[in-house]
Structures are given as structure tokens and as C-alpha cells.
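Subject: Structure handover

Hello,

I am passing on the structure we talked about.

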Amino acid sequence: MNSFWIILLHTYLTKLKSKSFIITTILTVVIVLGLTNIQNIINLFDKGGAKETVAVLDETGKLYEPLKQQLAAINKEIKLTIYSHNEKEAEKAVAAGDFDALIQLRLNQEQLPEAVFKAKSIADTSLFTDLQTGLQQLKTTFAASKLNLTQAQLTKLYEPVNFKKIALEKNAKTEEELNQARGLVYFLLFIIYFAVIMYANMIAMEVATEKSSRVMEILISSVSPIKQMFAKILGVGLLSLTQLVVFLLVGYYSLKSNMNSFQDGFWDVFGFGNVPVMTIIYAVVFFILGYFLYATLAAFLGSLVSRIEDVQQMITPMTLLVVAGFMIAMFGLGKPDTPFITITSYFPFFTPMIMFLRVGMLSIPAWETMLGIAILVATIIVLAIFGARVYRGGVLMYGKSSSFKDIKKALQLTKNE
Amino acid sequence: MALELKHVTKRFGQFTAVDDLSLVIPEKEIFGFLGANGAGKTTTFRMILGLLDPSGGEISWEGKPLNYSTSHLVGYLPEERGLYPKLKVRDQIVYLARLRGMTKNEAQQELKFWLDRFRVPEYENKKVEELSKGNQQKIQFIAAVIHKPKLLILDEPFSGLDPVNVEQLKDAVLALKENGTTIVFSSHQMHHVEELCEHLCIMQKGKPVVHGALKEIKRAFGKKNLIIHGDFPLESLKDFPGVVKAKPTMEGILLQIEGESVAEAILQEIVGKGFIRKFALEEPSLNDIFIEKVGASYE
């Protein structure tokens, strides 16, 4: 077998079998399962106290029934019970846990309903809000009947104004689509961000480990350092794809089996109802390109340090670049069409995240995406050629310092004048 | 003409690590490569292995340049030992052997052979970090020779080993030589070089200061050692004509003299002065030659 493939497979298999990889994968799968089943989990915990009971002290005797009707339309989970004893006893019953809350209804001087809400704590705002909405509607009905308004007049009064957003650009996304895209892009941006940081780190550590354990010298006497570097980058890349595929498959099947809660639950807000295929394809493309860009950078930075402890220090500037790109992308989620986002999307170190953001959120012309990808690919090639030369010299260098001056020294080592 | 270096020079910026080095290393022999620290030995090895490109000159093996396509012909034991600490002995030897063009089965068989030879077959499934330094070195040696290289480069193979392990490793090196391997090795311990090498080269600041067959080097050196043990004062001999250096010992004196005739004159001088328990004329040791050639320029 070709030595390139031997290194690639060796890197892939040893990492795949390593404890840390297995543990992080399992942990992430658990998180993915948890997230995709979040609706079920929320329901599970809600089941016990599903119905919230409220004791009603109706001083007038004519407010209870209308309020019950109003509330039935708002939240069926709230159960109202008329309470015949006095206020003190009702408060005791709430304290004892017989009721979740207590509401006292009466009419004020203008003959409009008003109420006092009492509960053990007022942390649960949703119950209060629902009751408030019901009361508000009740009050409106009372007031309207006092003014002798008909139901039809009332409906007209409360009809929401007709106000639509329309984008003039032909392919621009509708507001609804934009919201959906935002959720998906947000999610995929996170994956790109974490994967790039994690796997670039892994490569730098791998190179530094081989160097500090001095096994490097044997390796480079068997196989050219450039071949090694790319075999390693591809091996770890394969590993990252394996992990990604595991996550996506688990996520997909878990979502599919929860399709019901998925359609009108938590996930719908994030736009997972109908995932646009193109966005996923772009995500994979930018994931791979982003990985190659940062992996190449990490490999040559890793080749410059002599001790594992220095790796973090060496790759910090690189990590900051990734973080900066991610931050800008987060900002861009709200305003994807600002010139700042457009400009930064062409800066190759940001392209994988920001250009992806633009593709996912806006309908930008294809040439813009292609230009971004072309700049990115060109940068990867330049970095690979330059990085390979630094790597070749870097792996032979052992010294105390690990600064960027070493890049010059490493290049000098490979020169043959 | 197995390995040939022609006017090889390596510069790092202003610094010249190897300066116009020309060597011929005969086939199926052990060639000793000596020099003080920083004399350019490791740089030369790295150029032979193709890890560094020479700034000038040529290196060839059987008339052809060495590069990665010939890496299965070459074995290398680096000065700084290095193996994957977390990998099992078998896994990493097989991995390194496959990179040198062996198949997995061949590598496993050879590994068994070598582990048996070093009487440590139980190490096959151990992680390298669990082994002692000396045993790690054996594994490192196996990694260098497992693919039966034609050219073997050993950078300080015996440093840090106990005498029993040194003997084991020496036997292994000699056996490889019998099987036709050309071996280049460097060492600071002169007696190893004297024992193993037919030809050698002493480097000094990137230049070869002594180069040739061991016997001829000794003959050309001319000076001899004279050991005298007697129960009368011998210190005055240090001013005797023809004596280069004198060093008093517990039982007498050790003299470095210019030639055999000086020994004769000294014998005549001291006969009758008292009882001479020992009077021995010896060939100079490599150590003497090394110190004279390399040490002189330190002063």
C-alpha cells in the first residue's frame, strides 16, 4: 500500500479507537438525542401537574361562568373551581397545595370586573398571563355591552391591521423563510465553528506530539513531510466527517421518529420543518473547505513547537480568527445584508462561516458565492504550499522559543541555496 | 563504492555546519563517524537521509541519489530516541515498517524474531511508555532494522545502555554486517568504534580532520604509548627527548612518545636505576588520536 494511505488510515484508525474520541462522540449523540426529543422531554415533566387548578372566589356570583368560558379558549390546561368558603380558608388551601392559585373576582364602581391573584409564589408567569388575558377579554365584553356595541362592531374594533412585508428582489426570502433559515444557519454555523476549532486543535496536537516524542525523525526519514502532513490532514478530516455523519444520522432519525412534535413544537420555530437541501449542501462544502484551511494552518503551526505545552499558545491567534469569524456571523444573523457582512464574507478566514451565512439567509447571485469559494480555495492552496515548506523545516527544529520568528528559521532549513 | 559524499556542504544562513565533506563509505562495512558535539555529524546524517538538502555537493548510494523512493533501503536510529509513547510496541513497529515498504505479516514475523533475539518477547503488547529506557532503545533499534535495510545509520546507538545491553546490541550490529548491511555509526565512546569499525572519520567544525582505515590512521599518527611501572622516581622522564606527554599513574608513568626509538633510549636510561615491573610499548588508542586532533583546537 502507498505510504500516504498507510499514514492516513493509521491516523484515522488510532484516533477512531481512542477513548477521548469515543467519549466525546457518545456525549454529543446524547445531546443530539436530547435536543431532538426536547418536546417529549418537556411533556414528560409536565405530565404530573398538567392541569393547573385555580380556586375562584366570586363575590358577585356572575363573573365565574364567563371567565371560565373565556379561559377555555385560551388554555384548556387551567381548571377553575368555584370556592365557597371565605378568603382565609382559600389561602390556606393554596398553601396546602390543593390549588395552584387563588383568584378573587369582583366588580368595581364602574361595574367592570377586577381581580386579585394569589399564589404561593408568582414565579409561574404563564398562569398569571393566561388569567389576565381572560379577564381582559371579559372586561372588554362588559365594557362593550355597557356602550351597547354589537358583537360585530366589537370584532371590527379588534381586527388586526393588515400589514404585509414584501421583498422587492425576485429571489429574496419571505419573512417566514428568513426566520426558518436563521434557525438552520445558526445551528449549522455552530457545527462548523466547533468542528473547525476541535479538529484543527487535534491536528496541531498530533503534529506536536510526534515532534515532542521525537518519533517525527523516523517518520520523515521514511516518508516525505509534505506527504505526511496531507495524509494527516485527510485522516483527521475523515474522522471529522465520520463524526458528523454519526451526528446527522442520529439527529435525522431521532427527528423523524418525533415528526409530530416536530411539526408544531419547539423545532418548528427554528425552521426544521422543511430543510432546504441547498443550505445543507453549502454547509457541507463550507465545512470541508473551512476544515482544510484551518487544518493546514494548524499543521504548520504545530510543526513549529517542540513541546506539547506550547501548542495552545501557538495556535491561539488561529483560534481567535475562528472566534472572530463566528462572532461576526452571529451578528450577521440579524442583519445578513449589511455591507460589513458582505465585505467580510470574502476574507478567506471568515468565508466558511460568513459566506455560508449569506448563502443560507439571502439569495445572493451565484457568482458571489463562487468568488468567495475561489478565494478560499486559492488561500488553501497557497497556505498548503507555504505550510508544507515550513512544516518540512519545522519538524527538524528543536528549541526553547516557539515564536513566529521560527517560521523564518524553518523556511531557511529547507532552503538549498 | 557504496555510499559516496562528494564535496558536501551545508550552510544555515551564515553558519556552515558541514564544510566540503568528501567521504567514501565501503560496502558491507561498519564506518565510524566521530566528532565533538556540534561537529556536524547529525547534519551529515540528515543529508544522507534526505531530510535536509545539501547547499552544495552530492550524495549517492551505488551511484544513484538517495531520496524517498529508496527509503526502504535505509534504516535510521536517530540520536534523540522517539517512539509513540501511547502505542503498543507491535502497533508502532508494524506501522513504521509498513512505511518502509513491508507488509503487515512480514513486519510481525520480523518483530517476533527480534524480540526473541533480545529476549523480551513479552513486550509485544506493551505500551512503549511502560518500558525502561534501555528497553525502549531496543525497540527503537528494531524499528531501524526491521525492514532489512542495505544502509543503516546509527546515531549514538549505545548511549545510555548498561554493559549487558551494549553487548547485545553490538552482537546484533555485527550480525547485520555479516549479512551484508553497510553501517554508519557515530559515537562518543572510542572503544566501541575501535572494536567495530574498519574505517572512520573524525569531524571537526564541519570538516573531516582524520579519515581512513583505522590501522592506517594509527600508523600515520606515529606516536606511541609507553607504560612504565617501577619502584623508583620516574617523573624526570617527562623532559626526556622525544617524550610528547607524560602522565603519572598510581604505579608509575604513562608516556606518549614520538616513536619506537625513543622507547629504546628510555629503557637504556632507566635500566639499573631500580626494579622495573612493567615496560610496555602500545599502539595509541583512538581516544588519544581524537583528543589530539579535536581537543587541540579547543585550547
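Predicted model: local features only at pLDDT ≥ 70, side-chain atom pairs only at ≥ 80, totals over all residues.

Chain B

Within chain B I looked mainly at helix α2, residues 89–99. This helix is mostly covered, with nine of its 11 residues buried. Among the buried ones are B:V89, B:I93, B:V94, B:L96 and B:L99, and the list also includes B:Q92 and B:R98. What do the buried residues of α2(B) pack against? The partners come from two chains: α1 (3–17) and α9 (216–222) of chain A, and α3 (104–117) and α4 (133–145) of chain B. Just after α2(B), B:G101 has a positive phi of about 95°.

The contact between the chains

Chain A puts 19 residues into the contact and chain B puts in 25. On the side of chain B that touches chain A, β1 (3–12) and α2 of chain B each supply at least two residues. The most comes from α2(B), which gives four residues. Sorted by class, this side of chain B holds 15 nonpolar, six charged and four polar residues.

Chain A

Chain A is divided into two parts, domain 1 (52–158) and domain 2 (173–414). Taken over C-alpha atoms, the centres of domain 1 and domain 2 of chain A are separated by 56 Å.

Chain A also has an open sheet of four strands with mixed pairing, in the order β2-β1-β3-β4. Which strands are at the edges? They are β2 (78–82) and β4 (113–119) of chain A, each of which pairs on one side only. On average, neighbouring strands of this sheet are turned by 25° against each other, direction ignored.

Strand β1 of chain A (residues 52–58) runs parallel to β2(A), and five bridges join the two. In this pairing, A:A55 stands opposite A:T81 of β2(A). Helix α6 of chain A (residues 125–146) packs on the sheet and touches β1, β2, β3 (101–107) and β4 of chain A. The direction of α6(A) makes about 170° with that of β4(A).

Regards

Note on methods. Residues numbered from 1 in each chain as written. Chains lettered and ligands numbered in written order. Buried ≥ 20, exposed ≤ 12 C-beta atoms within 10 Å, placed from the backbone. Contact = placed C-beta atoms within 7 Å. Nonpolar A, V, L, I, M, F, W, Y, C, P; charged D, E, K, R; others polar. Domains from an automatic or database assignment. Pairing = 2+ DSSP bridges. Axes fitted to C-alpha atoms, helices over the stretch in contact; angles between N-to-C directions.
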